[in-house]
Amino acid sequence: MQFQQLQYFVAVAETRHFTRASELVHVAQPSLSQQIKALERELGADLFLRARGNITLTDAGEALLPLARRILADTDTARLEVQELVQLRRGRVRLGATPSLCTGLLPDVLRAFHDRYPGIRLLVEEGGSHDLVRQLARGALDLALVVLPLPTPSPALTTVELLREDLVVVSSPDAPGPGEGRRTIRVADLEGERLVMFRHGYDLRELTVAACRAEGFEPDFAVEGGEMDAVLGFVRAGLGVAVVPRMVATGAGRGLRVTPLARPGLHRTIALAHRSDVAPPRAARELQRMLVER
């Protein structure tokens with residue numbers, strides 16, 4: 001049974017005339033008649049009683065007509081659904097990102113994407129790079145913004161570097177400045193400072209601790225275990241200092257002193273990752289393009 005045969009059958013059933021039906025579906029009348037006969041052979045039953053000037057449905061035709069109309073309607077719906085996805089009128093993007101990137105990089109890009117494609121749902125999952133890589137691998141995310149190098153290199157992922165971002169030290173203006181208030185400080189100057197530290201599994205925690213150990217000391221935590229908003233709040237309250245991305249520090253507003261790190265400083269590389277074996281959906285590819293070209 002072919003879709004075209006059902007289309008011809010419904011046209012004849014509605015016009016009760018083979019010639020008018022052929023004009024309706026833009027096909028030669030002999031071709032339409034042949035397809036109707038082929039359909040009847042397939043079903044093993046006549047669909048029409050044919051008398052000169054009088055075409056009526058048989059019982060089999062009456063039974064088939066509502067089913068054929070439903071199939072044609074569902075086909076039109078399917079075509080519309082696919083066209084809307086192709087034209088980015090509907091769909092979803094599942095994006096993973098570290099919390100600092102949700103605070104700094106993403107808001108402007110997601111606003112631009114939403115303004116251009118308001119019918120696309122954006123589902124954002126926050127997490128550390130290690131967790132995001134796992135979710136990408138099991139198909140729970142379409143794209144993820146991660147920090148390089150990945151905690152566990154994966155040949156199943158494709159990564160595209162987006163930016164290299166400086167890290168800075170933030171502190172409360174009401175407390176003594178780190179490094180005795182100098183305009184720039186070194187990582188070594190953090191020895192003896194009380195640090196507000198992120199939770200385990202957080203990329204910035206691992207980077208900061210590794211940098212301190214490279215300078216020969218263990219960092220002293222005033223409080224630990226927070227996400228980005230909590231860490232910034234603890235710093236504002238004067239509990240200690242924290243090492244955060246410059247983008248986050250710049251967008252955090254008042255209540256923070258920002259002190260750059262002297263060269264060579266600390267940096268992190270942000271990349272956009274997706275599975276190598278599965279092409280991201282069309283909407284995800286468009287968001288990927290906007291992130292790369294931002």
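The legends below describe close-up views of a predicted model.

**View 1. Helix α1 and the elements that cover it.** The end C-alpha atoms of α1, a helix of 13 residues, are 19 Å apart, which agrees with the 18 Å that the helix should span at 1.5 Å a residue. Within α1, the buried residues are Q5, L6, Y8, F9, V10, A11, V12 and A13, and the elements that cover these buried residues include α2, α3, β1 (48-51), β2 and α4.

**View 2. Packing of α1 on α3.** The axes of α1 and α3 cross at roughly 105 degrees and come within 9 Å, which means that α1 is roughly perpendicular to α3. On the side of α1 the contact is made by Q5, L6, Y8, F9 and V12, and on the side of α3 by L32, Q35, I36, A38 and L39. Sorted by class, the residues in this contact of α1 with α3 are 8 nonpolar and 2 polar, with no charged residues.

**View 3. Packing of α2 on α3.** Helix α2 (residues 18-25) packs with helix α3 (residues 29-43) at an angle of about 100 degrees, and the two axes are 9 Å apart; α2 is therefore roughly perpendicular to α3. F18, T19, A21, S22 and V25 of α2 make this contact with Q29, L32, S33 and I36 of α3, and the residues of the contact of α2 with α3 comprise 5 nonpolar, 4 polar and no charged.

**View 4. The bend in helix α4 and its buried residues.** Helix α4 (residues 59-86) contains 28 residues and reaches 41 Å from its first C-alpha to its last, close to the 40 Å expected at 1.5 Å a residue. At L65 the helix α4 bends by about 30 degrees, and a proline, P66, follows within four residues. The buried residues of α4 are G61, L64, L65, A68, L72 and E84, and they pack against α1 (3-15), α3 and β2 (54-57). Just after α4, L88 takes a positive phi of about 60 degrees.

**View 5. Positive phi values in two loops between helices.** Most residues other than glycine have a negative phi. R16, in the loop between α1 and α2, has a phi near 55 degrees, a positive value in a residue other than glycine, and R16 is partly exposed, with a relative accessible area of 36%. H26, in the loop between α2 and α3, likewise has a positive phi, near 60 degrees, and H26 is exposed, with a relative accessible area of 73%.

**View 6. Surroundings of L49.** L49 belongs to strand β1 and, when its neighbours within four places in sequence are left aside, is in contact with N54, I55, T56 and T58. The C-alpha atoms of L49 and L24, which lie 25 residues apart along the chain, are separated by 21 Å.

View 7. T269, found in strand β11 (residues 267-275), is buried, with a relative accessible area of 17%. Not counting residues up to four places away in sequence, T269 touches V146, V147, L148, E161, L163 and R164. The peptide bond from L148, one of these residues, to P149 is cis, with omega near 0 degrees, and P149 lies in the loop between β5 (143-148) and β6 (157-171). Another cis peptide bond joins R263 and P264, with omega of about 5 degrees, and P264 is found in the loop between β10 (257-260) and β11.

Key: Residues numbered from 1 in each chain as written. Predicted model: local features only at pLDDT ≥ 70, side-chain atom pairs only at ≥ 80, totals over all residues. Heavy atoms only, no water. Axes fitted to C-alpha atoms, helices over the stretch in contact; angles between N-to-C directions. Parallel < 35°, antiparallel > 145°, perpendicular 65-115°, else oblique. Contact = heavy atoms within 4.5 Å. Nonpolar A, V, L, I, M, F, W, Y, C, P; charged D, E, K, R; others polar. Expected span 1.5 Å × (residues − 1). Bend = angle between axes of the 7 residues up to and from the residue. Buried < 20%, exposed > 50% of the residue type's maximum accessible area, 1.4 Å probe, protein only.
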